[in-house]
Amino acid sequence: MKEDTNMKNLKITTFPVLRLSALATALALTGCGGGGSSTPSGSNTGTGGTGTTCGTSQVLINGVCTMPADLQTSVPTPPFPAGSEELKSFNYLNDFRKSLGLGLLAYSPELTLSAANHANYLKINQVGGFDEDPLKPGFTGKTLSDRANFAGYKTNQFISGGLALANTSSGAIQALINTIYHRSILIDQSVRDVGSATYCFTCDGSVALNIILARKDTIGQRNASDFAMFYPVNKQTNVNLTMAGETTNPFPEYPDGLVYGKVGYPISFALEASQTLNLKDFTLTEAGSTMPLNAYVYTALNDPQKFIPKNEAWITAKAQLKPSTTYTAVLHGSVNGQDFSCVVENGNLKIVVGKSDGCTTSFTTADRLLPSF
């Protein structure tokens with residue numbers, strides 16, 4: 001798959017609307033890779049139901065011999081100054097990924113340089129977006145991949161990124177989390193490296209964050225095959241009532257992409273990255289009601305922009321959620337022709353095939369509409 005160039009520029013607007021620009025590219029994954037800290041995460045080891053003994057590097061998960069998780073569970077502290085916006089965003093993103101059972105991201109000086117180069121280009125030219133014009137000052141490459149290559153990060157595997165405007169760098173990360181396509185980038189299971197840079201246009205207290213996630217090897221990090229994740233996580237509180245607007249826009253019903261305050265907060269579910277989620281139903285219900293909300297439900301099969309991967313499903317109410325209210329999302333689906341349910345093991349969500357109870361998360365909204373960033 002070549003790099004997708006059908007992207008709009010970043011529209012930096014005043015509150016309450018935050019516009020983002022998304023870019024995600026991926027090539028076919030072949031061969032084998034890995035590295036980092038290997039963390040076996042199987043339910044059993046030994047002999048499968050067919051009598052076949054699993055290999056020494058495999059574990060038995062849901063009756064199938066498979067490779068265990070291979071995750072970066074610790075990474076060096078990057079050489080950012082203490083208290084810097086870059087260090088805050090690095091820690092905020094890794095804390096978010098760790099809470100979902102994902103591998104951590106390692107600081108990449110090359111990706112950081114690439115992000116800083118592009119931030120400089122955007123600032124001196126007073127423009128937004130991911131593309132650069134070779135005739136303008138500060139040019140280091142037309143595309144994100146070109147600029148990463150220019151900065152010394154050599155890869156043809158996976159590179160993606162996001163731009164966000166907020167009061168703080170951690171707020172910018174949260175703004176990306178508060179979307180569909182950008183959250184999907186941040187929860188990618190295979191990326192290993194990250195680089196970011198902050199900049200400002202008017203320097204009036206707000207900062208813009210340019211962040212890049214990538215991997216160099218063909219496989220990257222790997223979760224175990226029974227891995228699952230919900231966001232918001234079960235019992236999460238202070239969840240916003242709506243999502244931040246993003247470019248590219250997930251909702252054709254709103255061609256301008258200004259969805260803040262018009263739709264609910266996006267709830268995402270994901271299986272291990274190589275799995276294909278066959279969704280049966282995905283509902284969102286307000287506490288005290290038995291009637292599911294009218295909602296957008298997206299998977300790879302019906303995503304209007306074709307960005308959602310095959311292992312994910314998303315539900316977003318078609319109206320802003322109510323404050324101080326508990327909502328429950330319930331998903332039923334199958335993988336490899338078998339229904340599954342979810343259980344919590346060692347603090348992480350996992351699927352158990354052969355059961356049809358589905359997976360559930362409940363969360364409580366904030367007492368008011370929070371800023372989009």
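Trainee: What makes the charged end of K318 sit over the ring of Y296?

Mentor: In this predicted model, the charged end of K318 is 4.9 Å from the centre of the Y296 ring. A charge sits over a ring if NZ of Lys or CZ of Arg is within 6 Å of the ring centre and within 35 degrees of the ring normal, and K318 with Y296 counts as such a case. K216 over the ring of Y153, 4.7 Å from its centre, is listed too.

Trainee: Why is the pair of F251 and Y296 called tilted?

Mentor: Rings of Phe, Tyr and Trp (its six-membered ring) pair if their centres lie within 6.5 Å; planes under 30 degrees apart are stacked, over 60 edge-to-face, the rest tilted. F251 and Y296 have centres 4.5 Å apart and planes at 45 degrees, so tilted it is. By the pairing rule there are 10 aromatic pairs.

Trainee: How do you know whether Y296 is buried or exposed?

Mentor: Buried means under 20% relative accessible area, exposed over 50%, partly exposed in between (1.4 Å probe, protein chains only). Y296 has 10%, so Y296 is buried. F251, at 0%, is buried as well.

Trainee: Which residues do ring pairs link into a cluster?

Mentor: That's F230, F269, F282 and F340.

Methods
Residues numbered from 1 in each chain as written. Predicted model: local features only at pLDDT ≥ 70, side-chain atom pairs only at ≥ 80, totals over all residues. Heavy atoms only, no water.
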